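Please work through the following exercises on salt bridges and helix packing. Each task is followed by a stepwise solution.

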Amino acid sequence: MTEASAFTHSVADGAWQGATARSRCRTNSRRGFTDPEQRSYAPVDSVGRAFKVLRAVNKRGIASVNEIYEETGVPKSTIVRMLETLMHEGYVARDNMCGGYHVTCRTHELTAGRDGIAQMIEVARPHALELTASTKCPIGIGVLDGDAIAVRYWTGAVSPLAHTNTVLGQRADLLHSAMGRAFMAFCPPEQMRAHVARLRATPELQFGAAEERRLHALLASIRKDGYAMRDPATKPFCTITLATAIKIGDAVHGLISISLFKSAIERRDLAEKIVGPLQQTTAAIGRALALVRDDGRARAATGVEPGF
């Protein structure tokens with residue numbers, strides 16, 4: 001088509017569009033009629049698939065190509081290309097240690113200022129790895145997930161003392177697990193009371209007045225010690241797990257746990273070799289998370305990127 005004929009066609013097309021209903025207006029027009037059921041253009045399939053992949057990675061925390069395929073049905077070769085693009089744009093990162101992909105804190109930009117779990121994991125990850133390097137023990141990072149604590153990150157792949165292949169995705173209960181107990185001890189009082197009320201209202205738990213009194217006594221002891229320990233009557237019996245709460249102000253934003261074989265340490269050395277480093281790591285994560293979130297709020301308020 002010549003340049004002149006192309007111009008003629010564009011004028012003719014414009015005249016025809018002007019005679020049609022408003023639904024034919026471009027959807028990116030500031031004054032156009034943008035009925036979502038009558039779009040000017042068909043959706044871009046590749047963009048839709050990219051969002052499917054991103055949602056699948058976000059949903060699973062750590063996701064392999066096979067898991068993303070099961071979640072989305074997108075061909076694996078396409079998934080790999082989408083992941084490479086998302087990594088290039090900074091929304092996804094590959095974690096070879098955990099064998100999959102995870103979203104980065106840049107996805108926070110897509111939520112209009114809403115703080116997300118991904119940000120906390122990204123901030124906590126280097127501190128957790130450093131603690132594993134110094135203690136040789138596997139470190140877990142968990143967050144509240146309804147009536148339990150969901151384990152979202154674990155360093156067992158690089159720990160010579162890991163007792164299992166993985167605990168990622170497991171949900172630790174609030175009564176017997178170290179993370180659950182730490183959350184109950186250090187969350188705001190009104191939040192703790194709400195969880196206790198739920199326990200009382202669940203018949204199969206047989207959580208009555210006597211159990212509640214014992215729980216409150218246990219939580220008071222945990223607050224005094226500064227850490228929680230998994231119920232020794234729960235499996236695995238050969239290990240112990242300790243946990244502390246990652247806090248900003250009064251709010252608990254996550255939990256961090258450390259597990260070790262009972263035979264690996266003398267009880268008298270627990271405070272110096274395990275509890276102390278765990279509490280120092282927890283405090284460091286809390287400070288780093290507060291700085292990141294303060295910076296995010298400042299950027300949102302000013303709309304100015306920080307200088308480098």
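The model is predicted, so local features need pLDDT of at least 70 and side-chain atom pairs count only at pLDDT 80 or more, while totals for chains, interfaces and linings use all residues. Residues are numbered from 1 along each chain as its sequence is written, and side-chain values use heavy atoms, with hydrogens and water left out.

**Exercise 1.** Determine which parts the salt bridge of Asp 95 and Arg 125 ties together.

Solution. Step one: the two side chains meet at 2.9 Å, N to O; a salt bridge requires a side-chain nitrogen of Lys or Arg within 4 Å of a carboxyl oxygen of Asp or Glu. Step two: Asp 95 belongs to strand E1 (residues 92–95) and Arg 125 to helix H5 (residues 117–135), so parts 30 residues apart in sequence are tied together. Helices (H or I, at least four residues) and strands (E, at least two) are DSSP runs, numbered from the N terminus.

**Exercise 2.** Classify Asp 95 as buried or exposed.

Solution. Buried means under 20% relative accessible area, exposed over 50%, and partly exposed in between (1.4 Å probe, protein chains only). Asp 95 has 1% and is therefore buried.

**Exercise 3.** Describe how helices H7 and H8 pack.

Solution. Step one: the axes of H7 (residues 189–200) and H8 (residues 209–225) lie 12 Å apart, at an angle of about 150°. Step two: H7 is therefore roughly antiparallel to H8, a class for angles over 145 degrees.

**Exercise 4.** Locate the salt bridge of Arg 214 and Glu 211.

Solution. Their side chains meet at 3.4 Å, N to O. Both residues lie in helix H8, three residues apart, about one turn of the helix.

Conventions: Axes are lines fitted to C-alpha atoms, for helices over the stretch in contact, and angles run from 0 to 180 degrees between N-to-C directions. Angles under 35 degrees count as roughly parallel, over 145 as roughly antiparallel, 65 to 115 as roughly perpendicular and the rest as oblique.
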